Every structure is written in C-alpha cells, then in structure tokens.
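Notebook open, model on screen. I want to look up the disulfides today, then follow whatever strand they lead me to.

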Amino acid sequence: MRPAPRRARGVLATLLATLFAAVFAAGCGNDSVTLFGSASDAPETIVLTATADGATRALLSWAGPSGDFAFRVERNATAVGDTESMTFVDTRLAAGQRYCWRVYARNGFGWQAKSNEACLGTAPTTQGWRVERLAAGRWPALAIDARGELHACFAGAGGLGIAYLRVAPGRTPETVDADGQAQCALAVGADGVVHVAYLSRFGLRYANRSASGWATSTVDAQALVGIRRFDGPAIALAADGTPRIAYRRPTSGGPVALTVALRERSGWTFDPTTIAGLVGPRSLAVDASGVLRLATTDDLGQSVVAWVRQPRGWVSEHSESLAPNAGDGPPIALDAGARARFAWWWRAAPTTATEVTLRWSEATASVWRTESIATLPLLGTRVAIGAAGATPRVAAVDGAGVVRVWTRGAGAWDGETVTGQGGAAASVDFAVGPDGQLRVLYDRVNEGDVALASRVP
C-alpha cells in the first residue's frame, strides 16, 4: 500500500493530537472542561454587577467560575480591558450616556464562561432630560428587572403587531406577534423571564421570552379589546413569577365584564368578575401573599374604583369621581405594606369645565386619603404611577401632549416637564432603576415612534 500524501498525514496528525489532548484532559479528572471556540459560545455562568461611581466611572464585580481564569471585559461589545481579578474599574465613561458590560472567562482550554449584560446610565451633566428614539411604535409599556436592565413592548406605528425591545446599545426590536391589535402589558420576573399580554384577532394572547426565545399562546378567544385599542389588558406577576392577566370579555348572556386569567401548573384558570370597566397595562397588582387588586374606570369615564379579591369575591375598596371621557385604565401600585395607591384625572362640576386636577389616592392604616397633585387647563390622557423606595411619583400626558412627572416631597408634589421630548405624546410609562435614574417611556404621535427619556432625580 502506498503511504498517504504528506498533507493528509499532517491533517491526520492534527486530528489525533486534538483527540489525545481531549482524552488526556478527561483522564486527568478534569471531566467538566468544555472547549468553546469563541467567547460568545461559552455558557452564561458569570454573575456580573455594575455600580456607578460618579458620572464617569463604573465599578464592575463578578462571581464565578472558580479556578484559574483570565477575564476579558467588554463595554458596548468592545473590549476595554483584561484582568485576572474578579473586579474591574472602567474609568473612560462620558456623562449622560448609557453603557452595558459583559465579562468573558478563558483558561488554557479556551473560553469557558460569560456573564449577563449589566447596564448603567451615567449621571447627566445637568438636571435636564436625555431623550433617545427607540423604535417606530405606539402605546409603549416599560419594565425594569432586578439588574436594572430596561425592557419595553409596544404596538406597531399603525397600531398593529406587538414588538419587544431590550433597551441596550445595538439592540433592535423583536416581533412578538404580528397579529397583536392593542396595547401590550409587560412584566419581568426575578428569573429574568419577560411576560407580555395583549389582544389580537385570536382574543387574549400571552407571550413569554426566555433564553430559548418567544413562546406565544391564546389564553381566551372570547376576550375583547376595550373601547379604544390602548385600553388593557393588565398584567402582574405573583411571588412565584406566574402571570395574572385582567381583561374584558362578554359574560354569559350579560354585559361585558372583567375576567382575571391565572397561570397555574395545569394551564390557565379564570376568575370572572361582575366589574364592568376598563383597565390599562398597570391596573393589576399582586401582593406577596397572592392577593389581587384592580383599579378600573367605568365605560363612560365617570368613576375610578379600587378593588381587592377577597375569599367571597371582588370587593370595592375605594371609589372616586373621574373626569368624563377620561376612560384610560388607571394604574395601581402597592407600597411596602401592600397598601394600594392610584392616580386619576378629576374635574369639578360643571363637567363642561376644561380645567382638570390630577389626583392621588392611597390606603393608609385606617382610611383612604386623597390629595391633589396638580391642576391643569386641559384633560390629559394616560397616567402612570410608581415609587422608588418610599417616594411616590406620577407621570402623565397632559392635554397638550406634554409628558410631565411629579414627585411627592415633604408634604407637596413637585412637578416638571420632560424637556426636549420631540413631539406630542399620547401614552406614557416609567420606572426608577437601582442606579437612581428615572426612565420615562412614551410615544410621539406625529412622529409615529417610541422615545425614552432619562434623568437622575
């Protein structure tokens, strides 16, 4: 037999050497070693935390994997340093920008691990707002996860289709469902799973996003869109991360009423109510013990009611008059003691008066307390509420389409407008991250897009 050509012998020798190295590594008791050709192929086993240190520095620290590793640090997908330590100080930042980092680990066997993406928005050089366009769209909803990363969902610019965006440099919107026909509701669990509820021609739909991608399903084919397509549904997560969704559907032989869908191990179960009204994406809340609360507006936009789910059924906790035709689903939130609070537009008699008041109601230890936030010349649209620690905040779109934010200080509400918002808005949502930045997400009607405004309070 003729000997193999020299080139073939070289290839064979390389293959045998690689096989021998892998067998040798396994035989040395290092049977957990996995070879990865590139950093992006490595499994995500490093837990990365980023902490702001002033306006131009970030302190990075991480845990895992154990052993002798060298680490590469990337900022916004560009390598900025190498270290054998499990900490890194990034000093080359600009004020008023947003940065995201990842860490990758390698040893003599190649890339072994990578981290989550940790993001920070540095402090602006002034107290002004930084506004950035995210995507074409309408009726946005915003959520912030335990790591401070932002997530957004919204309908298409024409009101059709549901999209999702993880707000980070280089990210582009993902299509959740091209058949979506109403405003989406959004929540992110402690496990990082993204939950989206929305309405379509198939009824109430639910989608969740994990590492493997999007999974969508029809929850209730009888669900109805509200009077307007930006009315509902609402979503909230129980302590175990399972979703609850409030939406409208016809009752058996009766009027349209709200139903709450609950995700269980065996599938969806349903809690029908006799409540006739509208909800928005933040109109549902769940406390640590699993008790559900709702805030609703009646179909004529003349009253707002806070409800609690008790063993005997849904019970009204509190109600207030509402400016007629301000029928957006009101937001509800729970404080650290699981007491409810909500905000709404109010108009004094006669109802033809243009001047309106934005009001706030909250449950105290014994009674409900209502106070005025601000008086404005025209009726506005969407209202969003939230809290960072014990600080209540309200964001709303006024009658001129201006996005405004109020923060309750020592006995008074301090208000400001989002400067440089770039066009009249219709819907708004907001969140406050662990870095202290206030993020306001809104749509610009004439531009047909969704924008994000950020500021350190």
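This is a predicted model: local features need pLDDT of at least 70, side-chain atom pairs count only at pLDDT 80 or more; totals for chains, interfaces and linings use all residues.

**Entry 1: C100 and C119.** What parts does the pair tie together? C100 sits in strand β6 (residues 98-107) and C119 in strand β8 (residues 118-121), so the link connects parts 19 residues apart in sequence. The S to S distance came out at 2.0 Å.

**Entry 2: the rest of the search.** How many disulfides does a search of the whole structure find? Two. Besides the pair above, C153 and C184 are joined, with their sulfur atoms 2.1 Å apart. C153 is in strand β11 (residues 150-155), while C184 is in the loop between β13 (174-177) and β14 (185-188), so this bond ties together parts 31 residues apart in sequence. The torsion about the S-S bond of C153 and C184 is about 110°, so I wrote down right-handed here too. C153 and C184 are both buried. Counting bonded cysteines along the chain, I get the pattern 1-2, 3-4.

**Entry 3: β11, where C153 sits.** I went on to the strand itself. Six of the six residues of β11 are buried, so the rest of the structure largely encloses this strand. Which residues cover each face? L150, A152 and F154 are on one side, and H151, C153 and A155 are on the other, all of them buried.

**Entry 4: neighbours of β11.** Next I looked up the pairing. Strand β10 (residues 138-144) runs antiparallel to β11, and five bridges join them. Strand β12 (residues 162-167) also pairs with β11 in the antiparallel sense, over six bridges.

Then the turns. The hairpin of β10 and β11 has five residues between the strands, and G148 there takes a positive phi near 85°. The hairpin of β11 and β12 has six residues between them, with G159 in the turn at a positive phi of about 90°.

Terms used: Residues are numbered from 1 along each chain as its sequence is written. Side-chain values use heavy atoms; hydrogens and water are left out. A disulfide is a pair of cysteine sulfur atoms within 2.5 Å. Helices (H or I, at least four residues) and strands (E, at least two) are DSSP runs, numbered from the N terminus. Buried means under 20% relative accessible area, exposed over 50%, partly exposed in between (1.4 Å probe, protein chains only). Two strands pair if DSSP finds at least two bridges between them.
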